[in-house]
Amino acid sequence: MTTVPVRRRPGNRQALRLVVLLVIVAVVLYPLFWMLGTSVKSPAEIVNNVGLLPERFTPGNYLDGWTNFDVGFGRFFLNSALVSGLTVVGNALSCLLAAYALGRLRFRLRKLWFTVMIGTLLLPGHVLIVPQYILFRSLGLVGGDWPYLPLLVPQFLATEAFFVFLMVQFMRGIPRELDEAATIDGASPYGVFRHVILPLSRPALVTTAIFSFIWTWNDFFRQLVFLSNLEDYTVPVALTLFIDSTSQSAVGPMFAMSVLSLLPVFLFFLAFQRMLVEGINTSGLKG
Amino acid sequence: MAVTTAPGRTSRTGPVGPRPTRRGAGRVRLGEGLAGYVFLSPWLIGLMGVTAIPMLLSLWLSFTDYDILTPLSEVRWVGLANYERMFTADPSYWHAVRVTLTFALIAVPLKLAAALGVALLLNRAWRGVGLFRSLFYLPSLLGGSVALAIVWVNMFNRDGAFNSFLALFGVEGLPWVSDPDWALETLMVLAIWQFGAPMVIFLAGLKQVPTELYEAAAVDGAGAWRRFRAVTLPMLSPVIFFNLVLETINGFQGFTAAFVLSNGTGGPVDSTLMYTLKLYISGFTDLEMGYASAMAWVFLVAIGVVTAVFFSTGRFWVHYSDGDDS
């Protein structure tokens with residue numbers, strides 16, 4: 001008797017579940033569509049019409065935003081691309097080297113260094129920003145000819161412990177027999193790295209590349225601190241310039257540039273959504 | 001016996017290899033030990049140059065009145081003055097502490113509750129799960145950006161989208177972002193909106209819960225709520241713990257949205273003065289880098305203490321099904 005209602009419920013339940021989920025999807029996506037809509041509204045509509053769709057399509061905001069400052073937004077996009085691209089290279093390279101050492105090789109104090117690496121996982125970057133700024137400034141690297149060195153040097157030195165950890169975890173899944181076989185065939189640790197670890201670590205490298213691109217592209221704090229000349233600004237820092245000009249006419253262009261600034265991340269999301277969603281799982285939980 | 005005068009001992013010419021039979025292995029080990037440090041060297045240089053030395057420098061600076069304008073050699077040692085000022089003479093410091101704690105204490109549990117709730121809704125194998133999962137995850141990728149903070153501020157303006165939504169129900173909204181009582185709440189909503197990342201981790205955790213446990217509980221007559229309390233929560237506790245630690249520490253560090261909302265001031269009336277924003281203003285607007293360093297160290301210690309508290313209390317409520325320690 002009691003099993004009958006239990007049996008009949010799933011259909012209704014499934015429908016209810018779907019309705020609830022669709023409502024949540026609407027709430028979650030609304031700000032994004034609203035942003036898109038506002039980016040093509042005229043100044044008058046931005047004040048009067050807060051709905052999703054513009055009554056009059058005003059794509060001119062994009063052109064206005066692009067040329068709003070003395071330096072065009074194209075430059076800011078190039079700057080961001082340069083910083084993010086080189087960060088990807090730096091992280092992938094340096095974190096893989098460190099992960100191979102910490103996860104695969106045996107040497108003195110390895111356990112200690114591994115513990116230290118884990119300790120730096122939770123170290124907030126904000127704690128180090130003041131002394132790092134002082135150091136890089138005293139080396140003449142802030143606002144100089146190579147304005148991005150303070151942003152990039154740490155990335156080439158495997159300071160992003162999250163990726164080191166992710167790769168160590170990944171390498172645990174590569175059978176040790178492969179290393180041993182290569183060693184018996186006369187391969188040195190460098191040979192093992194080159195011919196076994198490097199090719200097999202491609203999935204971890206791709207995950208690292210995607211995440212470091214997105215994080216660097218979105219990062220604001222470090223770029224705000226270390227970039228001081230307008231022509232060196234990256235997209236997030238340039239976007240804050242819009243906030244200073246409070247005039248109503250700047251809202252449309254500001255939204256237009258905000259949309260464009262999210263476009264690369266969104267494209268990455270479309271291309272790699274599976275990997276992104278799975279990537280954050282491999283990082284933390286199952287070793 | 002002859003064996004005691006082992007030839008290996010007397011004829012130990014090589015630098016390694018306590019025994020002749022192990023010499024091969026020993027040689028590999030030396031090479032490997034060297035290689036270990038070769039591969040580790042970028043990380044080690046980074047650890048020293050970008051992390052350890054700056055940390056020590058900042059510890060020293062926290063006892064000085066260093067501003068970036070005077071050279072490091074002429075810096076004045078002020079003892080504990082920075083810490084004293086922070087704890088006794090700077091009300092806005094305590095205000096920043098309160099704002100940060102309020103933010104973390106409210107936003108993190110709500111975000112995790114949303115993440116768990118939606119994960120439970122999605123935790124069935126049916127077509128469309130992947131799509132929903134990706135859509136819910138999207139805000140976590142975009143939400144930390146300046147662009148989204150700009151959108152948020154405008155959405156919660158007096159004439160923003162949120163108020164026109166309220167108007168549908170005849171409710172007259174407030175200028176949320178410029179109201180000191182509500183500005184921080186809008187930032188909390190932005191944080192909760194990014195529930196997708198912990199949700200994905202919850203989903204992975206839910207997949208690990210053996211279905212037999214649910215079946216056994218159902219056979220014993222446990223209802224849905226009881227099954228959730230008695231099976232899901234304990235089995236999921238390691239994942240809850242992981243998310244809680246991660247999100248709390250992230251919550252303490254919220255900066256971008258507060259900066260955008262207040263144009264870098266922490267306003268209105270210091271209501272969004274997150275700790276990191278206060279640190280930024282002290283160090284890079286007021287150029288009181290000694291004072292900012294003291295703040296950074298207190299922040300580091302506080303995060304260490306919070307993490308330690310999590311880990312020590314975790315023993316009492318985190319259940320590891322495969323580990324039988326404790």
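1. Confidence. This is a predicted model, and its overall scores are ipTM 0.89 and pTM 0.88. Chain A has a mean pLDDT of 88, with 92% of its residues reaching 70 or more, while for chain B the mean is 87 and 89% of the residues reach 70 or more. Both chains have a stretch to be read with caution. In chain A, residues 1-8 stay under 50 in pLDDT, and the model gives them zero contacts beyond four places in sequence. In chain B, pLDDT stays under 50 over residues 1-28, although the model has ten contacts beyond four places in sequence for that stretch.

2. Chain B as a whole. Chain B contains 14 helices and zero strands, so that reading along the sequence gives the pattern α-α-α-α-α-α-α-α-α-α-α-α-α-α. Of the 326 residues in chain B, 38% are buried. When contacts in chain B between residues at least 6 apart in sequence are considered, 67% of them join residues at least 24 apart.

3. Chain A and a residue in its domain 1. Chain A is divided into domain 1, residues 3-62, and domain 2, residues 69-244, and the C-alpha centres of these two domains of chain A lie 37 Å apart. A:E45 is found in helix α2 of chain A, which covers residues 43-48. Is A:E45 buried or exposed, or something in between? A:E45 counts as partly exposed because 19 other C-beta atoms lie within 10 Å, where 20 or more would be needed for a buried residue. Leaving aside neighbours within four places in sequence, A:E45 is in contact with A:P54, A:E55 and A:R56. A:V237, by contrast, is 192 residues from A:E45 in sequence and 27 Å from it in space, C-alpha to C-alpha.

4. The interface between the chains. The two chains meet through 70 residues of chain A in contact with 73 residues of chain B. On the side of chain A that touches chain B, helix α14 of chain A (residues 251-284) gives the most, with 13 residues. By residue class, that side of chain A divides into 51 nonpolar, 14 polar and five charged residues.

5. A bent helix in chain B. Helix α11 of chain B runs over residues 224-252, and a straight helix of its 29 residues would span 42 Å at 1.5 Å a residue, whereas α11(B) spans only 35 Å between its end C-alpha atoms. Where does α11(B) bend? The bend, of about 55 degrees, is at B:S237, and a proline, B:P238, follows within four residues. Buried residues of α11(B) include B:V231, B:T232 and B:L236, and also B:V239, B:I240 and B:N243. The buried residues of α11(B) pack against α4 (91-122), α8 (183-193), α9 (196-207), α10 (211-219), α13 (275-285) and α14 (289-317) of chain B.

6. B:V269 has a positive phi of about 45 degrees although it is not a glycine. These features deserve a reader's attention because most residues other than glycine have a negative phi, and most peptide bonds are trans. B:V269 counts as partly exposed because it has 15 C-beta neighbours inside 10 Å.

7. Helix α13 of chain B and what follows it. Eight of the eleven residues of α13(B) are buried, so this helix is largely enclosed by the rest of the structure. Among these buried residues are B:Y275, B:L277, B:K278 and B:Y280. What covers the buried residues of α13(B) includes α6 (125-138) of chain A, together with α4, α11, α12 and α14 of chain B. Just after α13(B), B:L287 takes a positive phi of about 60 degrees, although B:L287 is not a glycine. B:L287 lies in the loop between α13 and α14 of chain B, and counts as partly exposed because it has 14 C-beta neighbours inside 10 Å.

Technical notes:
Residues are numbered from 1 along each chain as its sequence is written. Chains are lettered from A and ligands numbered from 1 in the order in which they are written. This is a predicted model: local features need pLDDT of at least 70, side-chain atom pairs count only at pLDDT 80 or more; totals for chains, interfaces and linings use all residues. Helices (H or I, at least four residues) and strands (E, at least two) are DSSP runs, numbered from the N terminus. A residue is buried if 20 or more other C-beta atoms lie within 10 Å of its own, exposed if 12 or fewer, and partly exposed in between; C-beta atoms are placed from the backbone. Two residues are in contact if their C-beta atoms, placed from the backbone, lie within 7 Å. Domain bounds come from an automatic or database domain assignment. Ala, Val, Leu, Ile, Met, Phe, Trp, Tyr, Cys and Pro count as nonpolar, Asp, Glu, Lys and Arg as charged, and the others, Gly among them, as polar. The expected span of a helix is 1.5 Å times one less than its number of residues. The bend at a residue is the angle between axes fitted to the seven residues ending there and the seven starting there. pLDDT is the predictor's confidence in each residue, from 0 to 100.
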